Amino acid sequence: MIFIKKLFLYISILCFICGPLFAKNIPGKGCKELVELYQQEWNIKAQYSAYAKKADAEGFLQAGSLFRAVLKAEEIHLTNLAEEIKHKGGNPQDPVIKLQVKSTQENLDELVKQESKTQSDILSGSLKKARGAGDMDSVRVLNDICQGKAMVLGYLKLLQKELPAGKKGKKGYAICPLCGYLIEDSNPLRRCPLCPIKRESFIRVN
Ligand SMILES: [Zn+2]
């Protein structure tokens, strides 16, 4: 009887120590990369906000419009990232903002550099890791961010060529409210390519 009691005790201790290692959602598991990305994205969001004001002040209407649209998309990405981090038991802390506002031309060049780096970091880091672990919730969130950044980078690079012309007028943009996918308003897309949201539900930013 004593032997059985001891055995039961040992098994209980073993389960207590090792149990979390085998659980699918260990608090904080896979969170480090997501929290780092959250903080990186938070900084980028702050940049878009400040750079939009600067672009408007310098009369670069098209740049101001695009920066405000990406700011909205970033807010959606951050909400989705924060939910995924919390789901894993992590804490999406807002970082201390590191921000330097220069001329719109320089700000635009900085954004292209940063967005390219963040996209390549996600592809080779957190997204690759999440795919390897079969963590499909994280894969979905990270893939939405990557695909969104691919569109944004296209628009930013186009703006690099057309910045002076963008003083004359601006384009409107439409953003998927669920995943943050961003397109030009003139794009005939009928629904989001990443999620089931229809075009009429997209948020419009001018
Ligand atoms: Zn979507």
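A residue is taken as buried here if 20 or more other C-beta atoms lie within 10 Å of its own, with C-beta atoms placed from the backbone. By that criterion helix H3 (residues 61-87) is mostly covered, with 19 of its 27 residues buried. The model is a predicted one, and across the 206 residues of the protein chain 31% count as buried.

The protein chain holds six helices and three strands, and their order along the sequence follows the pattern α-α-α-α-α-α-β-β-β. Among contacts in the chain with a separation of 6 or more, 74% come from residues 24 or more positions apart.

Helix H3 reaches 39 Å from its first C-alpha to its last, close to the 39 Å expected for its 27 residues at 1.5 Å a residue. Just after H3, Gly 89 adopts a positive phi of about 85 degrees. Buried positions in H2 include Cys 31, Leu 34, Tyr 38, Glu 41, Trp 42, Tyr 48 and Ala 52. The cover over the buried residues of H2 includes H3, H4, helix H5 (126-132) and H6.

The packing of the helices comes next. Two packed helices are described by the angle between their axes and the distance between the axes. On the H2 side the contact is made by Leu 37, Gln 40, Ile 44, Gln 47, Tyr 51, Lys 54, Ala 55 and Glu 58, and on the H4 side by Thr 104, Asn 107, Leu 111, Gln 114, Thr 118 and Ile 122. Sorted by class, this contact has six nonpolar, six polar and two charged residues. Of the H2 residues in the contact, Leu 37, Ile 44, Gln 47, Tyr 51 and Ala 55 are also among the buried residues of that helix.

Helix H4 (residues 104-124) also packs against helix H6 (residues 136-162), at an angle of about 155 degrees and with the axes 10 Å apart. H4 is therefore roughly antiparallel to H6, and H4 passes H6 in a left-handed crossing. Among the H4 residues making the contact are Leu 108, Leu 111, Val 112, Glu 115 and Ile 122, while H6 contributes residues including Leu 142, Ile 145, Lys 149, Val 152, Leu 156 and Leu 159. By class, the contact of H4 with H6 has 13 nonpolar, four polar and three charged residues.

The axes of H3 and H6 come within 10 Å and cross at roughly 170 degrees, which means that H3 is roughly antiparallel to H6. In this pairing, residues of H3 including Gln 62, Leu 66, Val 70, His 77, Leu 81 and Glu 84 meet residues of H6 including Asp 137, Val 141, Ile 145, Gly 148, Val 152 and Tyr 155. The contact of H3 with H6 has ten nonpolar, six polar and three charged residues. Within H6, Ile 145, Val 152 and Leu 159 take part in the contact with H3 and also in the contact with H4.

Notes. Residues numbered from 1 in each chain as written. Predicted model: local features only at pLDDT ≥ 70, side-chain atom pairs only at ≥ 80, totals over all residues. Axes fitted to C-alpha atoms, helices over the stretch in contact; angles between N-to-C directions. Helix = DSSP H or I, 4+ residues; strand = E, 2+ residues; numbered from the N terminus. Parallel < 35°, antiparallel > 145°, perpendicular 65-115°, else oblique. Left-handed = near helix turned anticlockwise from the far one by under 90°. Contact = placed C-beta atoms within 7 Å. Nonpolar A, V, L, I, M, F, W, Y, C, P; charged D, E, K, R; others polar. Expected span 1.5 Å × (residues − 1). Buried ≥ 20, exposed ≤ 12 C-beta atoms within 10 Å, placed from the backbone.
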